[in-house]
Amino acid sequence: MSDLKIGFIGAGGNAKGHMARVAAIEGVAIAAVCDVDGGRAELAAAEHGARAYADHTEMLNAEALDALYISVPPCAHTNAEMEAAGRGIHLFVEKPVHLSMDAALGICEAIDEAGIITCVGYQLRYLDPTQRLKRWLSGKTIGMVTTTRWGGLPGTPWWRVMEQSGGQLVEQTTHQIDLMRYFAGEVVEVSARYALRTMADVEGFDIPDSQALWMRFASGALGTCTTSCMALEGGGKGDLDILLKSRRVGWGADRVTSSPEVPELAGPYAETPNIDQVFIDAIRAGDQKRILSSYLDGVKTLDITLAANRSAERDGEPMPTRLGKA
Ligand SMILES: NC(=O)c1ccc[n+]([C@@H]2O[C@H](COP(=O)([O-])OP(=O)(O)OC[C@H]3O[C@@H](n4cnc5c(N)ncnc54)[C@H](O)[C@@H]3O)[C@@H](O)[C@H]2O)c1
């Protein structure tokens, strides 16, 4: 069996983790790395015996890639996904998949036409606590879901600029919104209020540091989310709680709590499959179903967070999502 040839667009902090895991998979070779910062591309390429590029079209024209990772700042998604799909190259795209719903929906069409395998980096879906809770919730009526993600300030400069990252909800808390969808189904309407309360003095910072939203799911369930990056010296938290008749369950990355207790949700938990291995295995098997978050899933999650941004711009006016459907 010949090696699967993998390319990368973006050679920053997150891509490096994927590169290390991909390089460890037998029968897979990192063939090419592209970054607009040519020095970064050169360094990563040298580490993996790959060729370096500063222009992704040049890379796609020169290399016969089987799969492509795209791990760039949210504002930096250009035509690479379309170009890759047009060439039949399988795609791993990091969340958030875009900042434009129109562009992301166009990419969905190109992906459908190409019939390629796609994966988005919502790795929390693969955790055993997530899988157990998902199975247990099947067929049950959820009343409400609430999530909190309070954390600190990531170091990448683009993260602090609304036009570049979309803000914390779009860029980071997308993981929690994605889990809400995974557990409770699609969201049809969102209302949000944002504020900049304590971090206006941070250099190069123009995103809200306080974001609060409510959601209505297609099932009729209700959801809330608060997120903030002002926990600069620790003390943050990331919770997701679900309320059903006579039962509350709490999702965590390492456990599910329940009250009253549900024995099948308690540990010990199985090891988490490596998302890069899952992606490569799915390509080899030609089986999209092995992947728990496709590109379209990434777009549905993006839809909710962008609807929240629109609502916040209009003083909390409720906004329908484009893909939720009642
Ligand atoms: N799934 C996860 O848990 C997870 C974790 C961290 C980051 N991410 C995502 O990964 C992406 C990258 O984050 P990061 O922390 O690595 O950022 P980073 O700033 O460290 O790296 C981004 C890289 O992309 C390069 N780049 C920008 N525009 C480009 C273009 N048009 N073509 C090629 N390269 C370009 C930059 O030069 C930089 O090297 C973001 O979407 C982020 O949300 C996901």
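This is a predicted model: local features need pLDDT of at least 70, side-chain atom pairs count only at pLDDT 80 or more; totals for chains, interfaces and linings use all residues.
Local features are reported at pLDDT of at least 70 and side-chain atom pairs at pLDDT 80 or more, whereas totals for chains, interfaces and linings use all residues. Residues are numbered from 1 along each chain as its sequence is written.

Helices (H or I, at least four residues) and strands (E, at least two) are DSSP runs, numbered from the N terminus. An open sheet is built from 8 strands in the order β13-β12-β11-β7-β10-β9-β8-β14. Its pairing is mixed. Two strands pair if DSSP finds at least two bridges between them. β13 (256-259) and β14 (319-320) are the edge strands, and each pairs on one side only.

β7 and β10 run parallel and share 7 bridges. Individual partners can be named. T148 has D239 as its bridge partner in β11. W150 is bridged to K237 in β11. W150 also stands opposite S228 in β10. In a regular strand, side chains alternate between the two faces of the sheet.

Two helices lie across strands of this sheet. Contact between two residues requires C-beta atoms, placed from the backbone, within 7 Å. Axes are lines fitted to C-alpha atoms, for helices over the stretch in contact, and angles run from 0 to 180 degrees between N-to-C directions. Helix α9 (residues 174-184) lies across β7, β8 (187-195), β9 (210-217), β10 (222-228), β11 and β12 (247-251). α9 runs at about 165 degrees to β7. Helix α11 (residues 295-313) lies across β8, β9 and β14. Its angle to β8 is about 50 degrees.

Helix α9 also meets another helix. Its axis and that of α6 (residues 128-137) come within 9 Å and cross at roughly 35 degrees. From α6, T130, L133, K134 and L137 take part; from α9, L179, Y182 and F183 do. The residues of this contact divide into 5 nonpolar, 1 polar and 1 charged. In this classification, Ala, Val, Leu, Ile, Met, Phe, Trp, Tyr, Cys and Pro are nonpolar, Asp, Glu, Lys and Arg are charged, and the others, Gly among them, are polar.

Burial was assigned from C-beta atoms placed from the backbone: a residue is buried with 20 or more others within 10 Å of its own, exposed with 12 or fewer, and partly exposed in between. In helix α1 (residues 13-23), A15, H18, M19 and V22 are buried. These residues line one face of the helix, because they fall within an arc of 105 degrees when seen down the axis of α1. The arc is that of the directions from the helix axis to the C-beta atoms. Their cover includes β1 (4-9), β2 (28-34), α2 (38-48), β4 (67-70) and α10 (275-285).

E109 is located in helix α5 (residues 101-114). E109 counts as exposed because it has 11 C-beta neighbours inside 10 Å. Its C-alpha atom is separated by 34 Å from that of G49, 60 residues apart along the chain.

Most residues other than glycine have a negative phi, and most peptide bonds are trans. The peptide bond from K95 to P96 is cis, with omega near -15 degrees. P96 lies in the loop between β5 (90-93) and α5. G267 and P268 are also joined by a cis peptide bond, with omega about 0 degrees. P268 sits in the loop between β13 and α10.

Positive phi values occur at two non-glycine residues, S246 and D315. Phi of S246 is about 65 degrees. S246 belongs to the loop between β11 and β12. It is exposed, with 7 other C-beta atoms within 10 Å. Phi of D315 is near 55 degrees. D315 lies in the loop between α11 and β14. D315 is exposed, with 9 other C-beta atoms within 10 Å.
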